[in-house]
Amino acid sequence: MFQSLPEAKTDAILQLLALFREDTRENKVDLGVGVYKDAAGATPVMTAIKKAEKQLLETQDTKSYVGPIGSRPFCSAMVSQVFGSDADTDRIRCAQSAGGSGALRILSDMLRKIRPNAKVWVSDPTWPNHVPLLTAAGFELERYQYYDRSTNSITFDQMINTLSAAPENDIVLLHGCCHNPTGADLNMDQWKAVADVCEKRSLFPFVDFAYQGFGDGLEEDAQAIRYLASRMPEMVVAASCSKNLGLYRERAGAAMVLAENSVNADRALGMLGGVIRSNYSMPPDHGANISNIVLSDPALNAEWQGELNAMRDRMIGLRVAFAAALRKRSNSADFDFITEQKGMFSRLPLNTEQIETLRSEHGIYIVGDGRINIAGLPGDALDELAETIVSVL
Ligand code: LMR
């Protein structure tokens, strides 16, 4: 049966991670997969999470099923974090998911059942896994130009022109904050224009929200979603606890639906529950359970926010220091854009050959499109790194 299978195509980001793990060079630098790293290059469990796990260990009295849509307290905590404490909860429903990707997938499966003829418009570029994920759900994809590598800026006019010509009722995938892979986010005026075009063309917003708190802050990063929610009759959001709660392998996330009214919201949740049941039946508990403990307990929440703020501040500091090192080494302002971008990623103007040279000759791991993980930058060796990068340009 399996002999006729073609060789599997591995995801570029995961392939790079595997190569990095196999590399025995001591001074190797991992700027690949989007995982936060501290100054020592480690990705420790957050202190607030450790405390929540201890609490859970002491108090959990059953391992019985959680049900397809998962924990209601976790879902309410997530709705309030994403849509705000004053969210219109009559119109919003939420299902616990297996990470942000799980949320993307179950929402895609649901949307595909409702609008089988719709296409999904994704930004060019976008997170590479958006493409197989949405395609596996059965969608045909279209692209809107989002970023110009030669100017390192958003091609907003092109984005709006493309979306203005999109067929009515199509779906638009938007990055809620900290655009992956570019780090270039829309400003609020631009979000208003996106809402206008979605309204005018009856386009359906599908927001990927994986990095809340990594850009400007938990509340600040949610402004775009909250604005869209104030304008749109309907939308969906895939939120993740992987990055801001550091729960990568626990697979905790939330699939959220905003409907026109409470009756429609219940219908959508019913359908989402059916999609989950026929897929993996029910979500895993641990990550969502400890996230809920952290989000709901005021002291733990404050401790977690302190840790999250420190992570964000470290990344912002690294952006500034790395841009300065590149300015010095290249004797140009060509890399200053790095300081203006948000979250975990920026894209360096490197071609495939240069990226390969950096990996094979210098042990510097960068995703094939030039995307770097800012948190992976070696704070104590930025000058050397900048010098090496400039030398291959
Ligand atoms: C990334 O973009 O590197 C992360 O979201 C991890 C992944 O699964 O690709």
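A salt bridge here is a side-chain nitrogen of Lys or Arg within 4 Å of a carboxyl oxygen of Asp or Glu. Keep that cut-off at hand for the tour. The model is predicted.

**Stop 1: K243**

Select K243. It sits in the loop between β9 (235–240) and β10 (252–258). Is K243 buried or exposed? K243 is buried, and it has no salt bridge. Now find D208, the nearest side chain of opposite charge. The distance from K243 is 9.2 Å. The cut-off is 4 Å, so D208 does not qualify as a partner for K243.

What does the side chain of K243 meet instead? Show G34. Its backbone oxygen is 2.8 Å from a polar atom of the K243 side chain. Then show Y211. The side chains of K243 and Y211 make a polar contact at 3.2 Å.

**Stop 2: D170**

Move to D170, in the loop between α6 (156–164) and β7 (171–175). D170 is another buried charge without a salt bridge. Which side chain of opposite charge is nearest to D170? That is K119, at 6.2 Å.

Keep K119 on screen and look at its backbone. The side chain of D170 reaches the backbone nitrogen of K119 at 3.1 Å. Next, pick W121. A polar contact of 2.9 Å joins its side chain to that of D170. Beyond four places in sequence, the contacts of D170 include R115, A118, S202, L203 and F204.

**Stop 3**

Side chains of opposite charge can pair when their charged atoms come close.

**Stop 4**

Start with E58 and K54. Their side chains meet in a salt bridge, 3.9 Å from N to O. Both residues belong to helix α2 (residues 47–59); because they are four residues apart there, about one helical turn separates them. E58 and K54 are both exposed.

Go on to R231 and D196. The closest N and O atoms of this salt bridge are 2.6 Å apart. This pair links distant parts of the chain, with R231 in helix α9 (residues 223–231) and D196 in helix α7 (residues 188–201). The two are 35 residues apart. R231 has a relative accessible area of 21%, so it is partly exposed. D196 has 38% and is partly exposed too.

Finish with D336 and R327. Their salt bridge spans 3.0 Å, N to O. D336 is partly exposed at 21% relative accessibility. R327 is partly exposed, with a relative accessible area of 37%.

**Stop 4: S97**

Select S97, in strand β2 (residues 92–98). S97 counts as buried because its relative accessibility is 1%. In sequence, S97 and G253 are 156 residues apart. In space, their C-alpha atoms are 4.8 Å apart.

Not counting residues up to four places away, S97 touches G102, A103, I106, R251, A252, G253, A254, A255 and Y280. Zoom in on A103. The side chain of S97 reaches the backbone nitrogen of A103 at 3.5 Å.

**Stop 5: S76**

Another serine comes next. S76 is found in helix α3 (residues 72–83). With a relative accessibility of 48%, S76 is partly exposed.

**Stop 7**

End at M1, in the segment before α1 (12–22). M1 has a relative accessible area of 78%, so it is exposed. Together, M1, F2 and L5 make a nonpolar surface patch of about 430 Å².

How values were computed. Residues numbered from 1 in each chain as written. Predicted model: local features only at pLDDT ≥ 70, side-chain atom pairs only at ≥ 80, totals over all residues. Heavy atoms only, no water. Patch = residues over 30% accessible without salt bridge, like charges linked within 9 Å, V, L, I, M, F, W, Y side chains within 5 Å. Areas by Shrake-Rupley, 256 points an atom, 1.4 Å probe, with all protein chains shown as cover. Buried < 20%, exposed > 50% of the residue type's maximum accessible area, 1.4 Å probe, protein only. Lys, Arg positive; Asp, Glu negative; His and termini not counted. Polar contact = N/O pair within 3.5 Å; in protein donor to acceptor, adjacent residues only side chain to side chain. Contact = heavy atoms within 4.5 Å.
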